Every structure is written in C-alpha cells, then in structure tokens.
Amino acid sequence: MALDRLLVTGGAGFIGANFVHYWLARHPGHRVVVLDALTYAGNLASLEPVRGCENYRFVHANIGDETLVEDILRREEINAIVHFAAESHVDRSILGPDPFLHTNIMGTHALLKAAKKVWLEEGESASDRRFHHVSTDEVYGSLDFNDERFSESSPYRPNSPYAASKACADHLVRAWHHTYGLDATISNCSNNLGPFQFPEKLIPLMLINILLGRELPVYGDGRHVRDWLYVEDHCRGIELVLERGRGGETYNIGANAERSNLDLVHAVCRAMDALFSADPGLRRRFPDSPAAAGRECSDLIRFVADRPGHDRRYALDAGKIRSELGFAPAHALDTALARTLHWYLDHEDWWRAVMDHSYADWVKRLYGPLDRTAG
Ligand code: NAD
Ligand code: DAU
C-alpha cells in the first residue's frame, strides 16, 4: 500500500512525536500533517527538529472538530490516519474521567466519521487508504503472576476509566471496518519508554525526582508488573502494521520485557548512582540529588497508597506481529533504559520547560501564532 500522506493525531505527545521523527527520517518524500490540541501532554518543543521541514505541517486543533478534519483529509489528500491522540494517564482518568471519554471515545468517533465521509462517500476509491488506531494492552485488563500473556483473542476487561475509554475506541474502529468497510487496523502496545515522555509517567518521574532530590513514590507493594518496549520499536511495529498489516486486524506490539515496578525503580536508581559517580559535572548540575552527596538514590524510595483498581500485571504475546510481519524489537530493556536516562540528562531544558508554567509563553515566543486553520 502506498501510504505517503499521513495525518498523525497527537503528534506532539510522547509516542506521536517519536513517530513523526521516525517516519520523516525513514520516508523523506512523504507528507506528514500533525493535528494536536496541545493539552498539558502535547509539547511543540518535541517537534522542534522537524519545524520548517517542507513535508511537515502542524495544525493546532481538536480531533473532535470533524469539519476541520474533513477539510484536512481533502486538501492534504491524506491516505493514512495514524491516530495517537488521547488522554493517556491512568491516574488522571481516576481523578477525572470526563476528558478521557470526550477525547478517547467521542474524538475517535469524530475521526472515524470524517474518514468515512471523505474516503468512502466522496472518494472515488476507498482502496489505498488506511485508518490506524494506536491502542494499549490495558484493554485486556489485569493478569495474575502465573497467567498466560494476553493475545489478540484475549477478552476485553478494562479496569480503569482510561482503559475503558480505549477499549470503547477499539470497538468503534472495529465496527467502522466491519459495517462501513473502512480499511482500519489496530495495534495494542505495552508500556513505552524513551525520549519526550511527559514526567508524570513512571520512568521520567522517577528520574527527575532523583535529580531534584524528591521522594520516589512507589504505589502499593511495588510488585505490579509492566511489560516494557522502547518507543522506537513501537514506531517500527506501527509502520509494519500500517504498510503490511491486514485490514480489520488487531496486532499486539511488545518486547516480552516484564519487570516489577520496584525492580525498575531500583534499576533507575542504580544507573543514576553510576552516572553520578562517573561524572562530577552531574553533581554540580543536580546538587539536591542524594547521588551528589555520594548517597544511594534508592534512599528516596517511599511506598505510598496504591492506585485504586491498580492492575497487577500486563504481559503481551506479540507472536502474531512477529510471525505475520517480521517484527522484532531492536532494543533490550537495559539499553533502552540507559538511552532514555541519557536523553533526559541531555535535554534538561525540555523537561524543565514542561514542568514550568511559563511554558505556554515560551512556545509563543518560539513559534509565533499557531496555525488553527486547515486552509
Ligand atoms: P501523550 O499523553 O504523551 O500524548 C497525547 C497527545 O494527544 C498530546 O500531544 C495531546 O496534546 C494530544 N491530544 C489529547 N487530546 C487531544 C484532542 N482532543 N485532540 C487532539 N489532540 C489531543 O500520550 P502517549 O503516551 O504518547 O500515547 C499516545 C497513544 O498511544 C495513546 O492513544 C495511548 O493510549 C497509546 N499508548 C500509549 C502507551 C504508553 O506507554 N505511553 C502504550 C500503549 C499505547
Ligand atoms: O500499558 C500501556 C499503558 O502504559 C499506556 O496505555 C498508558 O497510556 C501509559 O500511561 C502506561 O500506563 P501505566 O499506568 O502502566 O503507566 P504509569 O507510568 O502511570 O505507571 C507504570 C506503573 O508504575 C504502574 O503500575 C503504576 C506505577 N507507578 C506509577 C507512578 C506514576 C508508581 O508506582 N508510582 C508512580 O508515581
């Protein structure tokens, strides 16, 4: 399938931004239009490296703006929608589920309607157009320690408002394929790590707290297990599904790299102890870190109240994408973690800015007025 004109929703978020960089580097002649509402999790600085690139355009808009999306699909002659945009943080969904239902369910619904209208009702041919929906392993619910990993045929048992909203979106995408004939694919991925992740998620939160000498809050007993994948490997998996996956199919993307949260937090602590002891410059840059005074970073670990409804374990069987599409992750978890930590150390301006209230002003100074139109 010659998919060379992409609409990437949520491209200013963690995985979306990594995907834009990945795609433009590997497909230099392709057109990439990013549509992003720039919520707290969206960050134009993550797209700074492609600003000015003639094949790239940023549109500041909500995926729920159906008319605008239709207009982009027509004018830009989009032949692939890669749908990342979502409210993505489980803790926020527990505190306030409404935006999760609005964006993840109704936003996906609006995108599907726009794709159906422009591609199926107005278009001469629906072939060579694809809607790819980026989803999560959380739709399958929680595993016990000895359970088999989730496969594509595992039942949906979402436990958090976030997971329930993603499950609903998956079902809508499936229905649009089945009922209207929209060429649609879905990928369900495990926990990602890598550059550009907002520091509310486990790994960047722990790392930055270490640097600033803040406590490391481990929920419950810390024995909850997550299955980790380097974000670039996720992008490769999406590329394979987009280009060669079968329409109407779902593919799990994972690396079979399970770790308990406590083990992972200890791994981050050990890595930071080693980096500080090898580099005196870090001690000067981050004097509040225990490592600056020669103490172990793990001194900061605190067990705190558990997340309500906390899923015990996620683990994905990625056999289908491996056997059908030849997917193999290129990064082991240890190297992925080291790369991620180095990225955050090398991009202190990025994470300080997203934690800073002056961020909006900074973006205005950097970019000027945002493009809110589809014209
Ligand atoms: P993120 O929170 O970092 O980014 C989400 C992006 O979507 C932000 O740029 C935000 O501004 C944008 N957005 C939110 N609401 C919008 C709206 N209504 N209209 C337009 N843009 C909007 O999320 P992420 O971690 O990059 O996740 C991306 C996708 O991948 C999500 O669909 C998520 O469910 C899925 N996923 C994430 C992981 C993970 O580990 N992070 C794993 C599996 C699947
Ligand atoms: O599994 C894929 C999912 O992974 C994605 O769909 C979500 O968008 C993404 O946020 C992530 O969800 P998690 O809830 O697994 O990620 P989070 O980083 O919030 O938490 C990872 C684990 O660490 C989880 O068991 C909760 C725990 N945790 C998290 C935080 C933020 C802590 O113990 N302390 C913390 O401070």
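**Helix packing and the domain interface**

A: In this predicted model, helix α1 (residues 14-26) packs against helix α7 (residues 231-244) at an angle of about 65 degrees, and their axes lie 9 Å apart. The model is predicted, with local features needing pLDDT of at least 70, side-chain atom pairs counted only at pLDDT 80 or more, and totals for chains, interfaces and linings using all residues. Residues are numbered from 1 along each chain as its sequence is written, chains are lettered from A and ligands numbered from 1 in the order in which they are written, and side-chain values use heavy atoms, with hydrogens and water left out.

Q: Which two quantities describe two packed helices?

A: Two packed helices are described by the angle between their axes and the distance between the axes. Axes are lines fitted to C-alpha atoms, for helices over the stretch in contact, and angles run from 0 to 180 degrees between N-to-C directions. Helices are DSSP runs (H or I, at least four residues), numbered from the N terminus.

Q: Is the crossing of α1 and α7 left-handed or right-handed?

A: α1 and α7 cross in a right-handed sense (the near helix is turned clockwise from the far one by less than a right angle).

Q: Which residues of α1 and α7 meet?

A: From α1 come Phe 14, Ile 15, Asn 18, Phe 19, Tyr 22, Trp 23 and Arg 26, and among their partners in α7 are Val 231, Cys 235, Ile 238 and Leu 242; contact means heavy atoms within 4.5 Å. By class, the contact of α1 with α7 has 9 nonpolar, 2 polar and 5 charged residues (Ala, Val, Leu, Ile, Met, Phe, Trp, Tyr, Cys and Pro count as nonpolar, Asp, Glu, Lys and Arg as charged, and the others, Gly among them, as polar).

Q: At what angle do α4 and α5 pack?

A: Helix α4 (residues 98-122) and helix α5 (residues 161-180) pack at about 15 degrees, with axes 8 Å apart. α4 is therefore roughly parallel to α5 (angles under 35 degrees). Their crossing is right-handed.

Q: How is the size of an interface often given?

A: The size of an interface is often given as the accessible area lost when the parts come together. Here the parts are domain 1 (5-196 + 228-258) and domain 2 (202-222 + 259-312 + 333-364), with bounds from an automatic or database domain assignment. Their contact takes 23 residues from domain 1 and 22 residues from domain 2. About 2000 Å² is buried between domain 1 and domain 2, with carbon and sulfur atoms giving 60% (accessible area, 1.4 Å probe, that two parts lose on being put together, summed over both). In domain 1, Leu 193, Phe 196 and Trp 228 lose the most area to domain 2, together 27% of what that side buries.

Definitions and conventions: Helices (H or I, at least four residues) and strands (E, at least two) are DSSP runs, numbered from the N terminus. Angles under 35 degrees count as roughly parallel, over 145 as roughly antiparallel, 65 to 115 as roughly perpendicular and the rest as oblique.
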